[in-house]
Amino acid sequence: MKTRVCIPDFGMGNLHSVERSLCRMNVNPVVSADPREIEKADKIILPGVGHFKKAMENLVTLQMIDVLNEFVLVNKKPILGICLGMQLMADRSDEGDVAGFGWMDGSVKKIKVNDGLKYKIPHTGWNQAMICKDSPLLKNIPDRSEFYFLHAYHFIANDRADVLTETIYETRFPSAVARENIFGVQFHPEKSHATGAALLQNFISY
Amino acid sequence: MLTKRIIPCLDIKDGRTVKGTNFIELRDAGDPVELAMRYCEEGADELVFLDITATTEKRKTLANLVREIATHINIPFTVGGGINTVEDVSILLENGADKISINTSAVKKPGLINELAKNFGSQCIVVAIDTKKIDSNWKVVTHGGRNATSLLTVDWAKEITQRGAGEILLTSMENDGTKAGFAIDITKDVSKSVAVPVIASGGAGNMKHFAEIFQQANADAALAASIFHFKEIAIPDLKRYLSSQQIPVRV
C-alpha cells in the first residue's frame, strides 16, 4: 500500500513547496489543518517558516499537539521537521521564550556571530552539510553536499549522538538531527534541487 | 562554508519573458517556466522574476505563473514588481514564491516593510534599491531610475533593515546595461552598513566582474539578466571560474 504522508497545515508559511516536491516524486501528500489526518498518516513532514512562539500557539489552537505527540512518541511513526519544523522538536526556543515538543534534547537560539560583516543574519543561501553520523536519511548523499538555508535561529543539541550533519557559519551548528523515528533538517530540502529531492526520497522510503 | 549565490533575473510581461534569449534549445524562448528550469539545471542558486506588466488586470496572470514556476523548479525564487499591499504578497507566497521583492512601494510607504515583515517574517521580504550617483552622492531612485529621491542609499539601506527587510537587492542604475562591471563602491558601503545579505545587480559583463563584486564588495549574491539569457556567460563556466579564484560557490 502506498505510504500516506501528511503535511500538517498550521498556518506557518510555504507548505506547498514541500507538497510540490513530493508530488514530483509521485507521492501525493495530504496537506491539512485537520488533526485526524495526522492520525491517519504513516509519515509526517512538518515544515514551517516564521516565528517559533506563533507556530506553537497555532498548533495548540488547531489541537495538533496531542496527536503529534502520540504519532511520534507512542506510535513511533517517522516524522521529518524542516527549518522551523525541526526547531519545534526542541525542548525550548529563545524565539518567544517558549517550550517546543521536547522530542529532541536541546534548545533553539539566535545565531550569534562575531564578524557581522562577513556573516549576515539570516543565514541565507547554499551551505555544506558535513556528515557526522550515518542515517537512512542521508543514504547516497555525499558528504559536504550543499543545501539551501534560510534561518536566523538554530538548534543546539545536548546529545551529540542526535547530530547527523553539521554546518559551519562562523561556528558549527547541527543542520540535520535524528533520534529513532524523529528526523529534522535546518535546511530546505524542497528548495535544494536534486540533493534535496534525494533526501526527501530517503525519508519517504524509510 | 556559505557559498556566494548566482542569480539570473527574468523580466516578465503579460506572463512572458521580455528580454530576448539565446537559448536555441528552448522550445519557447519566451516561456519563463522553461527558461527557469533550464537555469535550475545549469546550477543557478536562486531566481528572480520581475514583473513589469503595466496593467493591474493583466498582472493577475502573475499568480498563475508563480504557481506554474513553483510546480516546476526546486530552488528558491523571488517575485517582484508592482507589489503594494499585504494582500499582493499573500497571493504570491500562497502560490509558491519563496520571497517577494518591493521597490518603489517601499520608498513611497516605508511602513509597508514593517507590515510585511510582521505578517510574513523578514526572511521572505527583499527590498530592492535602485541607486544612482547624483552630485557625487549615491541616492535612491525609483521608476527605473527616472525619478530621483533625496534618500541617501546607505541611510535607506539601514532604515529598511531596521524596518524588517531580510535581504537587499541593490541595483546601480549607473552600471545597469553597461557591462562594465558592478558598482563596487556603493555595494561595499551598503554591505558593511547592514547585517542582512546584499545582492549586487547591474553591470555584469564578464566573469571577472563577478569575482570583483564578491571579493572587493563582500556581496552575498550577484544578479544578472542578459549575459545569462544571451549565453555570453554560462553559469557552469562562471561557477568554475569563481571556484578557481577561491570564491566559494555551489558547483
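Mentor: Gladly, and please keep in mind from the start that this is a predicted model. Let us begin with helix packing, where two packed helices are described by the angle between their axes and the distance between the axes. In chain B, the axes of helix α1 (residues 32-42) and helix α3 (residues 61-72) come within 10 Å and cross at roughly 30°, and that makes α1(B) roughly parallel to α3(B), because angles under 35 degrees are counted in that way.

Trainee: In which hand does α1(B) pass α3(B), and which residues of the two helices meet?

Mentor: The crossing of α1(B) past α3(B) is right-handed. On the side of α1(B), the residues that take part are P32(B), V33(B) and M37(B), and they meet L65(B), E68(B), I69(B) and H72(B) of α3(B). Sorted by class, this contact between α1(B) and α3(B) is made of five nonpolar residues, one polar and one charged.

Trainee: How many aromatic pairs are there over all chains?

Mentor: The count comes to 12 aromatic pairs over all chains. One pair to look at is F182(B) with F210(B), which is edge-to-face, with 5.4 Å from centre to centre and 80° between the planes. F182(B) sits in the loop between β9 (167-172) and α8 (184-193) of chain B, whereas F210(B) belongs to helix α9 (residues 207-217) of chain B, so the pair ties together parts that are 28 residues apart in sequence.

Trainee: Are F182(B) and F210(B) buried or exposed?

Mentor: F182(B) is buried, because its relative accessible area is 7%, and F210(B) is buried as well, with a value of 0%. F210(B) also forms an aromatic pair with F228(B), and this one is tilted, at 6.0 Å centre to centre and 35° between the planes. Since F228(B) lies in helix α10 (residues 226-229) of chain B and F210(B) in helix α9, this pair ties together parts that are 18 residues apart in sequence. F228(B) is buried too, with a relative accessible area of 1%.

Trainee: Which residues of chain A form one aromatic cluster?

Mentor: They are F147(A), F149(A), F173(A) and F187(A).

Trainee: Lastly, where is M1(B) found, and what is it in contact with?

Mentor: M1(B) is found in the segment before β1 (5-13) of chain B, and it is exposed, with a relative accessible area of 56%. Leaving aside neighbours within four places in sequence, M1(B) is in contact with W126(A), N127(A), Q128(A), I168(A) and P248(B).

Notes. Residues numbered from 1 in each chain as written. Chains lettered and ligands numbered in written order. Predicted model: local features only at pLDDT ≥ 70, side-chain atom pairs only at ≥ 80, totals over all residues. Heavy atoms only, no water. Axes fitted to C-alpha atoms, helices over the stretch in contact; angles between N-to-C directions. Helix = DSSP H or I, 4+ residues; strand = E, 2+ residues; numbered from the N terminus. Parallel < 35°, antiparallel > 145°, perpendicular 65-115°, else oblique. Left-handed = near helix turned anticlockwise from the far one by under 90°. Contact = heavy atoms within 4.5 Å. Nonpolar A, V, L, I, M, F, W, Y, C, P; charged D, E, K, R; others polar. Phe/Tyr/Trp six-rings, centres within 6.5 Å; stacked < 30°, edge-to-face > 60°. Buried < 20%, exposed > 50% of the residue type's maximum accessible area, 1.4 Å probe, protein only.
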